[in-house]
Amino acid sequence: MAFERIPLEQFSDNFLGAVELSSVALGGKIISLSDEFFAEASHLIQVEAAPSLKGQFGPKGALYSGWETRRHNPTYDWCIIKLGTAGTVTGFDIDTTHFSGNEGPQASVEGLLSSGGADPQVDDPEWKEILPVVDLGPSARHLFKIPESASVNYVKLKMYPDGGIARFRVYGSVAPIFPQNLADTFDLAHVFAGGRVERVSDQHFGVGANLILPGRGKDMGDGWETKRSRQKGHNDWVIIKLGVPGLLDVAEIDTAHFMGNFPESVELHALHSPEAILSEKDLSSEEWTLILPRTKTGPHRQHFFQLEHAGQTWTHVRVTIYPDGGLKRVRLMGRRAGGTPALAADLEGAGAAETTSSTAAPPQAGKPRRTVPIVPLTPEAFAPFGQVVQAYADDNAAPRGTRITPANQGTASKFHKLSLLSASYPADSKASAGLSVYRCAPLPGGREWRVGVLERHAFTNQAFVPMGGAAAGEAGGGDALADPGSAYLVVVAGTGADGKPDLQTLRAFKASAAQGIVYNTAVWHQPMAVFDKPMDFTCVETQIGDGSKADCEILELEDLEDIFVVVN
């Protein structure tokens with residue numbers, strides 16, 4: 001079988017965009033082996049490079065980070081590895097770093113695709129050689145490129161006759177997994193969907209390919225982190241090729257474990273290109289479209305952002321961070337191109353959709369409708385409209401600049417002034433600040449709700465703080481609380497030049513019962529609405545209290561474009 005030995009300095013030229021199918025970070029695992037007397041085979045698929053353990057000894061001899069077998073094998077040793085996901089193989093890195101005088105002199109690789117539940121045996125007749133016997137050497141990375149193999153989900157590494165190998169990396173392309181229904185939403189950037197990281201500006205501390213791995217990882221080492229920049233106006237970027245051309249609705253930017261080194265802000269552009277791998281010309285193309293304006297990020301949490309140009313089809317997304325820092329994961333939620341979700345169809349016959357307000361008029365047949373995804377509430381995404389009031393289990397995850405002090409003789413932590421009260425009523429208005437309680441019934445069942453009414457308060461900001469579930473029983477005064485409500489819906493919009501809501505800025509958030517919100521002065525918002533169970537809210541606001549427009553301006557949307565909010 002043909003193969004090509006690749007010099008280490010040409011790694012990027014030959015494996016650009018390839019996925020490490022065998023990595024433990026992708027779910028790769030050791031299934032069976034012939035021997036691991038001196039060092040365990042699990043080291044083969046670890047993410048980090050093999051460290052030197054020179055001078056360290058255990059009961060069986062010198063310690064190594066790698067797979068090392070006994071001496072004097074008359075044939076070969078072998079190790080069967082289940083790949084993290086099925087895919088086609090294009091090359092290998094057989095690394096003997098720190099093994100010198102005890103390295104495996106030669107190796108070969110076989111592959112197999114198993115669709116059954118049982119793992120293959122070493123003598124399974126379905127094994128096919130995909131890399132013939134090749135020579136290795138002491139303490140070096142050995143790169144081999146092969147013609148693209150058939151799809152496999154197991155590989156068998158054979159070492160002749162015995163010895164040690166530090167790391168074994170299998171490179172190739174994922175056999176993508178998509179939802180059957182074209183209308184279903186999924187992460188188009190995920191490695192299992194065929195997404196791949198094509199280019200990165202810098203990956204000094206953590207590689208860009210980590211951004212599309214499963215899960216949220218275990219520490220900063222399995223994210224993408226750039227070196228510190230020292231020049232004004234600097235930014236770093238990574239380009240992700242989607243697993244399939246698609247329409248994007250929501251981005252998740254995760255800074256898990258990045259507490260003092262998360263980016264100041266993030267920005268997303270998208271491109272539609274027929275190229276398998278973008279050229280240098282494509283990188284600077286003016287055809288990149290802004291889908292997420294530059295937005296601040298916070299430490300150690302998942303951020304969720306609604307994306308612009310949701311109706312266009314994209315193949316690539318460029319994630320730009322300012323000025324530098326680290327991200328753990330990037331998720332790009334959307335649908336495959338060619339699918340027309342029911343919620344994006346014309347409004348004909350949609351009168352059965354539930355409304356969030358009893359005063360809202362039913363939708364008018366034949367009018368277009370827009371869908372707005374509901375994303376989890378985070379301080380950064382909500383910042384254009386107001387503030388989020390909440391505590392943080394880890395003080396380092398609080399927004400930068402938050403003052404946190406011990407309180408109550410050390411039994412509590414105080415998060416100071418997460419929002420300030422403000423009011424700008426005329427001096428003779430007799431407006432005063434106070435506390436009110438709103439008791440909110442749950443939304444009707446379903447997964448979509450019409451936004452029929454928006455309101456704003458021209459002279460004051462307004463806070464809503466969940467108090468838990470509505471009281472059980474209504475027989476008299478103070479009765480016991482029922483189970484607390486789980487979540488509530490927050491819908492907001494900016495103000496256009498005409499003084500009415502700018503519906504292009506309409507955003508929807510799902511807030512937990514542990515989060516309060518403060519609407520900025522004059523921000524348009526939907527009346528409070530809760531999911532699942534009744535919920536009480538304390539409202540902090542300044543009012544005249546005479547029911548005048550100065551306190552609350554209400555706008556019914558029956559004469560405007562019908563807007564729907566969709567629960568993801």
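## Basis

In this predicted model, local features need pLDDT of at least 70 and side-chain atom pairs count only at pLDDT 80 or more, while totals for chains, interfaces and linings use all residues. Residues are numbered from 1 along each chain as its sequence is written, and side-chain values use heavy atoms, with hydrogens and water left out.

## Strand β20

Strand β20 covers residues 302–306; strands (E, at least two residues) and helices (H or I, at least four) are DSSP runs numbered from the N terminus. Because 4 of its 5 residues are buried, β20 is largely enclosed by the rest of the structure. Buried means under 20% relative accessible area, exposed over 50%, and partly exposed in between (1.4 Å probe, protein chains only).

β20 pairs with strand β17 (residues 236–254) in the antiparallel sense over 5 bridges; pairing requires at least two DSSP bridges between the strands. Asp 254 stands opposite Gln 302 in β20.

## Aromatic pairs

The structure holds 19 aromatic pairs. One of them is Phe 382 with Phe 385, tilted, at 6.3 Å centre to centre and 45 degrees between the planes. Rings of Phe, Tyr and Trp (its six-membered ring) pair if their centres lie within 6.5 Å; planes under 30 degrees apart count as stacked, over 60 as edge-to-face and the rest as tilted. Phe 382 is buried at 0% relative accessible area, and Phe 385 is buried at 7%.

Phe 382 also forms a tilted pair with Tyr 519, at 6.5 Å and 55 degrees. This pair links helix α3 (residues 379–382) to strand β35 (residues 516–519), with the two residues 137 residues apart. Tyr 519 is buried at 1%.

## Charges over rings

The charged end of Arg 141 sits over the ring of Phe 11, 5.6 Å from its centre. Arg 318 lies over the face of Trp 288, at 4.7 Å from the ring centre. The criterion is NZ of Lys or CZ of Arg within 6 Å of the ring centre and within 35 degrees of the ring normal.
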